[in-house]
Amino acid sequence: MEKILNQIVEKLTDMDKRLDNMDKRFDTVEKRLDSMDKRFDTVEKRLGTVEKRLDSMDKRFDTMDKRLDTVEKRLNGMEEKMTDGFNKVNEDIEKLNSRITEEHEITREETKHEIQYVHDKINDLNHDFSTVKIVTADNMRAIAKIQSKKDNTKM
């Protein structure tokens, strides 16, 4: 019986050692978990810092978005003004082209009438010149007749 008791004591001692080993292992695991917990806390703090930085960056992006919207509105306003200006210039050019065409037509008509007037005057002058030539020829004939009569009377 003593042998059995010794064996039981031995087994209990073995079990006690094993339980002590398990206790040590659990303590080690607990320390590791505590260490991991501290690391997670550190990571959580870092993530909090990163989150704050991201929030700050997000605010900066929002501010930049607002600035870009303002710039875009200004550019759109300038584009509208430029478009209006170009449209006015195009209208002015069309008006000028129309006016130039009208002036050209008026000048062409006036020039046409003036040329016709000059042509008519030249024709009148040619007619008058022809008349003067005829009258002059008649006068020359008359003078020749008179001179011939004068010469005949002298003889």
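This is a predicted model: local features need pLDDT of at least 70, side-chain atom pairs count only at pLDDT 80 or more; totals for chains, interfaces and linings use all residues.

Residues are numbered from 1 along each chain as its sequence is written, and side-chain values use heavy atoms, with hydrogens and water left out.

**Exercise 1.** Find how Glu 102 and Arg 99 meet, and assign each an accessibility class.

Solution. A salt bridge requires a side-chain nitrogen of Lys or Arg within 4 Å of a carboxyl oxygen of Asp or Glu. The side chains of Glu 102 and Arg 99 form such a bridge, with an N to O distance of 3.8 Å. Next, Arg 99 has a relative accessible area of 45% and is therefore partly exposed, and Glu 102, at 41%, is also partly exposed.

**Exercise 2.** Which residue forms a salt bridge with Arg 141, and where do the two partners lie?

Solution. The partner is Asp 138, and the closest N and O atoms are 3.0 Å apart. Both residues lie in helix α1, 3 residues apart, about one turn of the helix; a helix here is a DSSP run of H or I with at least four residues, numbered from the N terminus. Elsewhere, salt bridges with shared partners join Arg 99, Glu 102 and Glu 103 into one network.

**Exercise 3.** How many salt bridges are found in the whole structure?

Solution. The search finds 5 salt bridges, including that of Arg 108 with Glu 109, at 3.7 Å.

Conventions:
Buried means under 20% relative accessible area, exposed over 50%, partly exposed in between (1.4 Å probe, protein chains only). Helices (H or I, at least four residues) and strands (E, at least two) are DSSP runs, numbered from the N terminus.
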